[in-house]
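Dear colleague,

I am passing on the structure we spoke about, so that you have it to hand while you read.

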Amino acid sequence: MTAEARAPRSRLDPEPVTRRDVLGLAALWSAITALGFGLIGSLRLPRAAVLSSPSKKFRVTLPDSLPAGQAFVPPGRAVALFRDAAGVYAVSLICTHLGCVVKSTPTGFECPCHGSRFTLDGTVARGPAPQPLPWHKVTGGGGEYVVDEGANVPQGTRLQA
Amino acid sequence: MSEQERSSSALREFARNLRQAPRRFLETVFRHGPPRTDRTRSTFVFGNVFLHLHAARTHRWSLRWTTTLGLGLVTAAAFVITLVTGVLLMFYYKPYPDVAYQSIKDIHFVVPTGLFMRNVHRWAANVMVVAVILHMARVFYTAAYRAPREFNWVIGMGLLVTTLGLSFTGYLLPWDQLAYWAITIGANIAQSPREITDALGITDWADIGGLQRQLLLGSDVVGEEALIRFYLLHVMLLPLLLVALLAVHFWRVRKDGGLARPADADRRLGPPPADAYPVFTEAPRKTYQLAAVVRGRTAAVGNGPEQTVPSMPHLFYAELGVFMLTTLICLALSLWIDAPLKELANPNVPENPAKAPWYFLGLQECVSFSAFMGGVGIPLIVLAGLGLIPYLDREERGTGVWCGGPGGWPLVRWATLFGLAAAIGVEAFAIRCGWLREWFPDIPQLVITFVNPGTLLAALYALFSLFVVRKQNSVRAGALALFTCFLCGFVVLTIIGTYFRGPNWEFFWSPADWPKH
């Protein structure tokens with residue numbers, strides 16, 4: 001297309017992109033892209049690299065008189081320990097629905113926040129909880145145990161007493 | 001003139017200037033006379049950086065009190081009140097676990113007027129939440145979101161979400177039992193996309209939920225990092241965002257030609273009152289407008305100024321009246337009911353029942369069916385639906401009229417009936433008969449996530465609204481039905497969450513029936 005063939009354009013109706021604008025637009029978009037990536041990069045800051053949570057391992061002594069199937073909840077911990085003929089195991093008391101601490105009852109666990117119910121081994125009986133209560137790793141022996149809230153074991157894993 | 005005379009005349013001038021300084025100072029502050037003529041009334045508006053968000057003249061339709069009920073202004077006024085009282089509370093509040101609780105107790109019992117300021121802050125926040133919801137309903141029912149106001153409706157939704165965010169981050173700060181368990185539940189709702197990723201088995205490499213929770217809490221437990229983050233959101237990020245959105249919201253109201261009014265507003269209003277001052281007697285003979293070089297129609301095209309009145313005093317006095325009324329309501333509520341403060345946060349024992357403030361209890365009812373759908377899925381669907389309304393409804397009938405357009409009031413009455421019946425019916429069924437997990441204990445979680453009372457209710461509403469679209473042959477009628485239904489659902493769920501849920505979120509007819517511990 002030759003220059004003469006172009007329709008005359010007015011000041012109010014300029015060409016969509018003139019040749020001269022291409023470099024300017026390229027510079028503008030480079031700057032915007034660079035700033036965008038910079039912004040995304042700076043969002044790494046709020047994501048903590050080191051988590052300030054207290055140690056997840058704790059020691060616990062089970063009373064000798066603890067009957068089989070009855071929960072022992074160490075003070076200040078959201079874990080229930082059980083001892084039966086097959087051994088010792090620890091069930092988390094943190095509801096898998098929205099993180100409330102469930103209450104231990106003789107038949108299982110109930111969550112006060114949204115009504116989830118779990119059986120004694122942590123299986124969901126009713127309510128909105130999507131997952132069973134996890135079992136934590138237990139080590140030690142002879143009445144003294146170490147529970148690691150950071151390590152889960154498959155349901156049914158018991159430590160031989 | 002001798003040297004001496006000249007210096008004495010300069011001295012006289014100095015004395016005269018000094019005498020006139022106060023008057024001159026006022027003249028430089030207000031660069032025009034008192035707003036008595038139409039011209040000075042206009043300069044009063046556009047010569048002032050704060051007032052010029054308004055147009056210099058306001059249409060008479062906008063000033064009828066049934067046009068807006070003043071709801072947007074109530075919201076803005078309540079925000080200003082929370083801003084002032086909030087800054088005052090910051091003098092004493094310390095964002096650190098346990099210390100935070102003590103500082104709120106200090107504000108409550110020791111700080112002069114502390115209790116009163118906290119009450120006003122809390123009540124103004126509540127008024128703001130109510131008013132922002134009602135304001136949205138007003139804009140919807142008068143179809144004021146239509147062109148050219150589509151995007152301002154979307155900005156308004158941003159303001160609604162920011163307002164709710166401010167309320168949520170606000171009631172976390174006292175670090176009492178309500179605060180602690182609300183942060184816990186909120187952070188876990190942020191983590192609830194895991195309900196989907198776990199079911200699909202992709203959590204290990206696409207853990208969006210975990211990332212969101214970690215960004216909110218700054219840790220994997222609720223503690224000092226979480227509190228400082230919520231404090232930052234509450235006093236800095238969200239208020240700044242709100243002010244920015246508010247400025248755009250107001251500015252666009254003006255740029256979109258003031259408030260929406262029916263096409264025949266001038267005829268409905270009748271001629272201006274006989275004593276009204278004629279508009280163009282003193283107008284400049286020429287007008288210079290940027291609009292001359294801008295493409296497209298400006299909002300002023302086709303809208304004569306004959307039905308407008310000067311914003312000063314007509315609009316500003318009305319605004320001042322609404323502001324005073326809002327302040328009065330907040331003060332009266334504050335003198336009547338104190339803001340609650342529960343026991344110090346106890347990470348081992350949640351309250352039973354652990355209830356959020358009333359405006360989140362509908363949401364709490366939804367998350368008691370499924371964390372992800374109730375806390376993330378349904379709210380996102382509702383927001384997306386609301387945001388699409390002005391882009392789907394491009395009809396013209398009924399703009400600016402309450403329940404205007406196809407269907408009208410009878411449709412709204414039917415939709416109210418259906419909305420209430422469906423919500424009560426679904427809830428009654430779920431409460432009496434339980435849900436899928438009780439019937440089929442081994443059912444996959446994904447099924448419950450997508451088929452639960454909350455999603456069922458949303459689907460019923462959507463079907464009803466599609467039926468209305470077909471029957472009335474109008475998108476506006478469908479939107480009218482859907483919006484009414486969701487409003488009814490919100491009310492029903494909120495009432496059930498507030499009055500009929502007891503320990504373990506069980507249904508009780510009255511708190512008197514709650515089991516004693």
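Predicted model: local features only at pLDDT ≥ 70, side-chain atom pairs only at ≥ 80, totals over all residues.

The contact between the chains

The contact between the two chains draws on 37 residues of chain B and 33 residues of chain A, and together the chains bury about 2,800 Å², of which 52% is on carbon and sulfur atoms. On the chain B side, B:Gln214, B:Arg437 and B:Asn504 supply 19% of the area that chain B buries against chain A, which is more than any other three residues.

Three salt bridges are counted between chain B and chain A. One that you can look up directly is formed by A:Arg126 with B:Glu438, where the closest N and O atoms are 3.9 Å apart; since the rule for a salt bridge asks for a nitrogen within 4 Å of a carboxyl oxygen, this pair is counted because its distance falls under that cut-off.

Sorted by class, the side of chain B that touches chain A has 15 nonpolar, 12 polar and 10 charged residues.

The two domains of chain B

The domain assignment divides chain B into domain 1, made of residues 63–260 + 315–351, and domain 2, made of residues 356–517. The C-alpha centres of these two domains of chain B lie 23 Å apart, and 35 residues of domain 1 are in contact with 40 residues of domain 2.

Between them, domain 1 and domain 2 of chain B bury about 3,200 Å², with 72% of it on carbon and sulfur atoms. Three residues, B:Tyr141, B:Arg146 and B:Glu195, supply 25% of the area that domain 1 buries against domain 2, more than any other three residues.

B:Arg146 also takes part in a salt bridge, its side chain meeting that of B:Asp393 at 3.1 Å, N to O, and the interface of the two domains holds one salt bridge by the rule used. The polar contacts across this interface come to 20 residue pairs, both residues being at pLDDT 80 or more.

On the domain 1 side, α4 (65–68), α7 (114–141), α8 (150–172), α9 and α10 of chain B each supply at least two residues of the surface that touches domain 2, and the largest share, 10 residues, comes from α8(B). By class, the residues on this side of domain 1 divide into 25 nonpolar, six polar and four charged.

Strands in chain A

In chain A, strand β1 (residues 57–61) runs antiparallel to strand β9 (residues 144–153), and five bridges join them; within this pairing, A:Val60 stands opposite A:Tyr145. Strand β8 (residues 135–141) is likewise antiparallel to β9(A), to which it is joined by seven bridges, with A:His136 partnered by A:Asn152 and A:Gly141 partnered by A:Glu144.

β8(A) and β9(A) form a hairpin with two residues between them, and A:Gly142 in the turn has a positive phi of about 65°. On another pairing of β8(A), two bridges join it to the antiparallel strand β3 (residues 87–92), where A:Val91 stands opposite A:Trp135.

Backbone details in chain B

The peptide bond from B:Met312 to B:Pro313 is cis, with omega near 10°, and B:Pro313 is found in helix α14 (residues 311–336). A cis peptide bond also joins B:Asn352 and B:Pro353, with omega about -5°, and B:Pro353 lies in the loop between α14 and α15 of chain B. Finally, B:Leu69 has a positive phi of about 60° although it is not a glycine, and B:Leu69 lies in the loop between α4 and α5 (71–90) of chain B.

With best wishes

Terms used. Residues numbered from 1 in each chain as written. Chains lettered and ligands numbered in written order. Heavy atoms only, no water. Contact = heavy atoms within 4.5 Å. Buried area = accessible area lost by both parts, 1.4 Å probe. Nonpolar A, V, L, I, M, F, W, Y, C, P; charged D, E, K, R; others polar. Pairing = 2+ DSSP bridges. Helix = DSSP H or I, 4+ residues; strand = E, 2+ residues; numbered from the N terminus. Domains from an automatic or database assignment. Polar contact = N/O pair within 3.5 Å; in protein donor to acceptor, adjacent residues only side chain to side chain.
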